[in-house]
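Trainee: I would like to go through this model with you.

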Amino acid sequence: MKIFAHRGYSAKYPENTLAAFEAAAQLPIHGVELDVHLTKDRKLVVIHDESIKRTSNGKGYVKDLTLEQLREYDFGSWFSEEFAGEKIPTLHEVLNVFKETHHRINIELKTDVFIYPMLEELVLKEVASFQYEDRVILSSFDHEAVGKIARLAPDIENAPIFSTMVLNVADYQKTIPAKALHVSLTSAVRSPVLNAIQRGSVVRVWTVNKVEKLDVLKEIGVDGIFTDEPEKMMEYMSSWDE
Ligand code: G3P
Ligand code: MG
């Protein structure tokens, strides 16, 4: 089962910062996950929330601030003083961290609350500039955005994310059409997902931070997990090979 470091190595480093991605890049895991929003001046930045309040010393929505304004804030000290001065990264800066590694990169398009016109095109352009087409997975809770990715870039791996499950999810997957399904931990063991896995769907599960959950996910055939604790998961999974 593949491990993706969720928002970078977010248990030990401030989420979605270069520090968190640089730490994840040192680990022999399959990949990383990150969240992307658009600034007022249409730059792609990596942050989870629509607002900067929770993860910085500033406030306001990303969509109402320019990149220059966002760069004035500290995105590290909310987590620990050790990371004071950490800036909000651009998507370009995060992708650059993985230039010399083989990690897969799951870019989550955060169009859940606000609509960011042309977000899909801008993300695809950035991915192409690194020639990462075969390394990225583009996902979103906004399935319209996933459908747009599927049309614009049919060869790139895409995945709708589900907070609650839908019945006949494998049939629904074909309507997008999606290459994988990203489901919550609670949905993973319910019958629609089990049926989808049996019908050949690639399923990844968010967010798994307890090792006690791993055996059952492996048994049902989950392809990968998103976790804030990649080292803890690696250590537990290493016993599977013994
Ligand atoms: O992409 C999987 C997971 O990150 C979705 O939830 O809220 O952590 O972005 P969230
Ligand atoms: Mg995410």
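**Labels and their cut-offs**

Mentor: Start with Gln 131, which follows α4 and has a positive phi, near 55°. Helices here are DSSP runs (H or I, at least four residues), strands are E runs of at least two, and both are numbered from the N terminus. This is a predicted model, where local features need pLDDT of at least 70, side-chain atom pairs count only at pLDDT 80 or more, and totals for chains, interfaces and linings use all residues. Residues are numbered from 1 along each chain as its sequence is written, while chains are lettered from A and ligands numbered from 1 in the order written.

Trainee: What makes the protein as compact as a globular protein of that length?
Mentor: There are 10 helices and nine strands. The radius of gyration is 17 Å, close to the 18 Å from the globule rule for 242 residues, so the protein is that compact. The radius is taken over C-alpha atoms, and the rule is 2.2 Å times the number of residues to the power 0.38.

Trainee: Which residues of α4 are called buried?
Mentor: In α4 (residues 119–129), they are Leu 119, Glu 120, Val 123, Leu 124 and Val 127. Buried means 20 or more other C-beta atoms within 10 Å of the residue's own, exposed 12 or fewer, partly exposed in between, with C-beta atoms placed from the backbone.

Trainee: How do you know that they line one face?
Mentor: Seen down the axis of α4, the buried residues fall within an arc of 130°, so they line one face of the helix. The arc is that of the directions from the helix axis to the C-beta atoms. On the other side, Lys 125, Ala 128 and Ser 129 are exposed.
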